[in-house]
Amino acid sequence: MVNMAELFIVATPIGNLDDITLRAIETLKKVDTIACEDTRHTIKLLNRLEIRKPLISYYAADEKPGIAKILHLLEQDKDVAYVSDAGTPGVSDPGSSLVRAAREAGYKITPIPGASALTTLISVSGVQGKSITFEGFLSPKPGRRASRIAELMAKEESFIIYESPFRIVKTMTDICSVDPERYVVAGREMTKLYEEFITGTAKEVLDNLAERDKIQGEFAVCIYGNNN
């Protein structure tokens, strides 16, 4: 039996606030509460949209208490929207745990699709083939990161990772150590004012980044498979 209250999984812009969908706006207006990774981040979007709603935080380091708070609201027949800091919830954020818990408790889960760094990068990557592996963030531990990169690059399909500006050079170095000629499309600050796509062989992309005095912005990186 499905309970009456509803959990909405709402995609929000990854950078450019104009990428919010009409359906997302209407959903955020009608729910009783909005759960988000960082209330300070989400309030900027809501202020832009002139939406005033109660906010509660739900983030990776506090998953269990956060889920309990959200389930308690649903038990009170209050509709809840969950938004991540950027993009589509459930993709490299704690949204997946919340969805499982709410579904097991009998609540309806409704997706409100929209922006995603993953699909944004795929759309301009030019990658071919029927399958792409999404790895998300690699381990920050050098040994595990290098080992996983070697495994991914041994496969035929292309793969996509997310990386911080602080580790992107190290990650690209690991990719080069396996195959410096592998084609790479690295997206930085996608949809924002300083959006940039750095393309070429892994070695060319690494050299480009290594020459910079400072690297800013989160990265999404597509590494072509060995059959492309």
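Me: Buried means under 20% relative accessible area, exposed means over 50%, and partly exposed is in between (1.4 Å probe, protein chains only). With that in hand, does Thr27 count as buried or exposed?

Reply: Some ground rules come along: this is a predicted model, where local features need pLDDT of at least 70, side-chain atom pairs count only at pLDDT 80 or more, and totals for chains, interfaces and linings use all residues. Residues are numbered from 1 along each chain as its sequence is written, while side-chain values use heavy atoms, leaving out hydrogens and water. Now for Thr27: its relative accessibility is 4%, so it counts as buried.

Me: Which residues does Thr27 touch?

Reply: Thr27 is part of helix 1, residues 22-30. Helices (H or I, at least four residues) and strands (E, at least two) are DSSP runs, numbered from the N terminus. Contact means heavy atoms within 4.5 Å. Not counting residues up to four places away in sequence, Thr27 touches Phe8, Val10 and Ile112.

Me: Zooming out, how many helices and strands does the protein chain have?

Reply: The C-alpha trace of the chain spans about 55 × 35 × 30 Å along its principal axes. Of its 228 residues, 46% count as buried. Its secondary structure comes to eight helices and 10 strands.

Me: What radius of gyration does the protein chain have?

Reply: The radius of gyration is taken over C-alpha atoms, and the globule rule is 2.2 Å times the number of residues to the power 0.38. For 228 residues, a compact globule would come out near 17 Å. The chain's own value agrees with that, at 19 Å.

Me: Which residues have the most contacts inside the largest nonpolar core?

Reply: A nonpolar core is a set of buried Ala, Val, Leu, Ile, Met, Phe, Trp, Tyr and Cys residues joined through side-chain atoms within 4.5 Å. The largest one has 21 residues, and those with the most contacts inside it are Met172, Leu209, Phe219, Val221 and Ile223.

Me: And which elements each supply at least two residues of this core?

Reply: The core in question is the largest one, with 21 residues. Its suppliers of at least two residues each are helix 6 (142-153), strand 7 (158-163), helix 7 (168-178), strand 8, helix 8 (202-210) and strand 10 (219-223).

Me: How many residues are in the second, separate core?

Reply: Among its members are Ile9, Leu71, Leu98 and Ala102. Leu98 and Ala102 are also among the buried residues of helix 4 (95-104), whose cover includes strand 1 (6-10), helix 3, strand 4 and strand 5 (108-112). This second core has 19 residues.

Me: How much space lies in the largest pocket?

Reply: On a 1 Å grid over the protein atoms alone, a pocket is an open set of points where a 1.4 Å probe fits, with protein on both sides within 12 Å along at least five of seven lines; lining residues have an atom within 4 Å of a point. Grid points are joined across faces, edges and corners, and a volume is the space filled by probe spheres set on the points. The lining has 29 residues, with Ala86, Ala117, Phe137, Tyr162 and Glu218 nearest the centre. The space comes to about 720 Å³.

Me: By class, what does the lining of the largest pocket have?

Reply: Ala, Val, Leu, Ile, Met, Phe, Trp, Tyr, Cys and Pro count as nonpolar, Asp, Glu, Lys and Arg as charged, and the others, Gly among them, as polar. Strand 7 and strand 10 are the elements that give two or more residues to this lining. The classes are 12 nonpolar, nine polar and eight charged residues.

Me: Which residues is Ala117 in contact with, leaving aside its neighbours within four places in sequence?

Reply: Ala117 sits in helix 5, residues 117-125, and is buried, with a relative accessible area of 19%. Its C-alpha atom is 9.8 Å from that of Glu189, 72 residues apart along the chain. Its contacts, leaving aside those neighbours, are Ile14, Tyr162 and Met190.

Me: Which element gives the largest share of the lining of the second largest pocket?

Reply: This pocket holds about 200 Å³ of space. It is lined by 13 residues, and Pro13, Gly15, Leu17, His41 and Asp85 are the closest to its centre. Four residues, the largest share, come from helix 2.

Me: What phi does Asp77 have?

Reply: Asp77 lies in the loop between helix 3 (63-75) and strand 4 (80-83), and at 52% relative accessibility it counts as exposed. Although Asp77 is not a glycine, its phi is positive, at about 65 degrees.
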